[in-house]
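The following paragraphs lead through a single protein chain, from its overall make-up to particular contacts between side chains. Please keep the sequence and the structure in view while reading.

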Amino acid sequence: MTVQILQALPEHANEVVRSLRIFDKGDVERVGLDTFPIIQTAMRKSISTWAGFINNELVCICGVYSSSITSSSGYIWLITTNKVEQHQFTFVRQSQILVREIMSNYALIEGHVDARYERSIKWLKWLGFTLHEPVEYNSRMVRPFEMRNREWPIQ
């Protein structure tokens with residue numbers, strides 16, 4: 001099995017949209033949004049973006065952005081394709097490695113997950129994120145999550 005984590009490129013947004021999980025695609029369309037511009041905006045705002053490949057197949061793109069260059073907190077986002085289901089163990093292991101790398105640059109990383117995505121919530125807990133109670137966001141219920149870097153210098 002070949003695993004690659006590369007810098008995400010604009011063409012990866014096209015590819016991930018074509019292979020979105022049906023549940024995700026339906027959710028985005030339900031609220032009247034177009035997936036491609038959402039992903040493009042997230043990529044443009046991000047300080048770092050990654051594309052994850054398993055056996056040369058794109059399984060996800062993700063990134064981190066913050067409110068300013070000097071901010072010690074980041075907002076993490078992830079879009080997965082239908083291929084992630086075929087490589088769950090590898091995806092989880094590589095996620096753990098990437099989150100550890102991201103955490104070395106931030107005092108806090110946070111995000112939100114659809115409150116109905118039980119597998120995603122389980123994955124986030126396994127990675128060590130703290131999940132909060134659901135709140136309404138863009139006409140759907142989400143669970144905010146966060147992870148604090150205990151080794152971050154106190155300032």
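A residue is called buried when its relative accessible area is under 20%, exposed when that area is over 50%, and partly exposed in between. By this criterion N56 is exposed, because its relative accessible area is 61%. The model in which these values were computed is a predicted one. N56 is located in the loop between β2 and β3, and its phi angle is near 65 degrees, a positive value in a residue other than glycine. N55 belongs to the loop between β2 (48-54) and β3 (57-65) as well. Phi of N55 is likewise positive, near 50 degrees, and N55 is not a glycine. With a relative accessibility of 36%, N55 counts as partly exposed.

Read from the N terminus, the order of elements is β-α-α-α-β-β-β-α-β-α-β-β-β. The protein chain has 155 residues, and buried residues make up 43% of them.

Strand β1, residues 3-7, includes I5. I5 is partly exposed, since its relative accessible area is 38%. Together with M1 and V3, I5 forms a nonpolar patch on the surface, and the accessible area of the three residues together is about 270 Å².

Helix α4 comprises 16 residues (88-103), and at 1.5 Å a residue it should span 22 Å; the C-alpha atoms at its ends are 22 Å apart, so expectation and model agree. The buried residues of α4 are T90, F91, S95, L98, V99, I102 and M103.

Which cysteines could be considered for a disulfide? A disulfide is a covalent bond between the sulfur atoms of two cysteines. In this model, a search of the whole structure finds zero disulfides. C60 is in no disulfide, and the nearest cysteine sulfur, that of C62, is 5.3 Å away. A disulfide requires the two sulfur atoms to lie within 2.5 Å. The separation of 5.3 Å between the sulfur of C62 and that of C60 is therefore too far for a bond.

Aromatic contacts come next. A pair of aromatic rings is described by the distance of the centres and the angle of the planes. The structure holds three aromatic pairs. One of them joins F129 and F145, with 5.0 Å from centre to centre and 80 degrees between the planes, an edge-to-face arrangement. This pair links distant parts of the chain, 16 residues apart: F129 lies in the loop between α5 (118-127) and β6 (130-131), and F145 in strand β8 (residues 140-148). F129 counts as buried because its relative accessibility is 6%, and F145 counts as buried because its relative accessibility is 7%.

Charged side chains provide a further set of contacts. Side chains of opposite charge can pair when their charged atoms come close. The structure holds four salt bridges. One of them joins R119 to E85, with 2.3 Å between the closest N and O atoms. Because R119 lies in helix α5 and E85 in the loop between β4 (73-80) and α4, this pair ties together parts that are 34 residues apart in sequence. R119 counts as exposed, at 55% relative accessibility, whereas E85 is partly exposed, with a relative accessible area of 31%.

R116 forms a salt bridge with D114, and the closest N and O atoms are 2.9 Å apart. D114 is buried, with a relative accessible area of 2%, while R116 counts as partly exposed at 43% relative accessibility. This contact belongs to a network of salt bridges in which D114, R116 and R140 are linked.

The side chains of R148 and E146 also meet in a salt bridge, at 3.3 Å from N to O. Here too the two partners fall into separate accessibility classes: E146 counts as buried at 16% relative accessibility, and R148 counts as partly exposed at 44%.

How values were computed:
Residues are numbered from 1 along each chain as its sequence is written. This is a predicted model: local features need pLDDT of at least 70, side-chain atom pairs count only at pLDDT 80 or more; totals for chains, interfaces and linings use all residues. Side-chain values use heavy atoms; hydrogens and water are left out. Patches are made of residues with over 30% relative accessible area and no salt bridge: like charges are joined within 9 Å, nonpolar side chains (Val, Leu, Ile, Met, Phe, Trp, Tyr) within 5 Å. Accessible areas come from the Shrake-Rupley method with a 1.4 Å probe; for residues, only the protein chains shown count as cover. Helices (H or I, at least four residues) and strands (E, at least two) are DSSP runs, numbered from the N terminus. Buried means under 20% relative accessible area, exposed over 50%, partly exposed in between (1.4 Å probe, protein chains only). Rings of Phe, Tyr and Trp (its six-membered ring) pair if their centres lie within 6.5 Å; planes under 30 degrees apart count as stacked, over 60 as edge-to-face and the rest as tilted. The expected span of a helix is 1.5 Å times one less than its number of residues.
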